[in-house]
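Here are my notes on the model. Please read them with the structure open.

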Amino acid sequence: MELEQGRVLRLGRAADVVIGCLRGTLWITEEGDPIDHFLGAGRRHRVRGRGLVVAEALQDSSLWVCRPVRVRAEPMLRRPAPFAGARP
């Protein structure tokens, strides 16, 4: 996504969200975190808290935002068939 200089992106309940900077510079602040984070191109930041997160473009910027997917492993009920041509 593109964010013009001075524009902000607000994310609520953003625990575990990852914000990456592709171009420009981002200033990221998290509710409850006394440390602000600055991202340049090629850098990313994982949100630790559960509150509001604000990212501001300090210059015209491109960024991405993603939330990791949690997958639950299921036990296999039977052994998979061997590949065709596989030796025992």
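1. Ground rules. This is a predicted model: local features need pLDDT of at least 70, side-chain atom pairs count only at pLDDT 80 or more, and totals for chains, interfaces and linings use all residues. Residues are numbered from 1 along each chain as its sequence is written, and side-chain values use heavy atoms, with hydrogens and water left out.

2. Strand 3 (residues 18–23) pairs with strand 8 in the antiparallel sense, over five bridges. Ile19 has Val65 of strand 8 as its bridge partner. Strands here are DSSP runs (E, at least two residues), numbered from the N terminus. Two of them pair if DSSP finds at least two bridges between them.

3. The structure holds one aromatic pair. Trp27 and Phe38 are stacked, at 6.0 Å centre to centre and 10° between the planes. (Ring centres must lie within 6.5 Å, using the six-membered ring of Trp; planes under 30 degrees apart count as stacked, over 60 as edge-to-face, the rest as tilted.) Trp27 is in strand 4 (residues 25–30) and Phe38 in strand 5 (residues 37–40), so the pair ties together parts eleven residues apart in sequence.

4. How open are these side chains to the surface? Phe38 is exposed, at 55% relative accessible area. Trp27 is partly exposed at 32%, and Leu58 is partly exposed at 34%. (Buried is under 20%, exposed over 50%, partly exposed in between; 1.4 Å probe, protein chains only.) Leu58 sits in the loop between strand 7 (53–57) and strand 8 (61–66).

Notes: Helix = DSSP H or I, 4+ residues; strand = E, 2+ residues; numbered from the N terminus.
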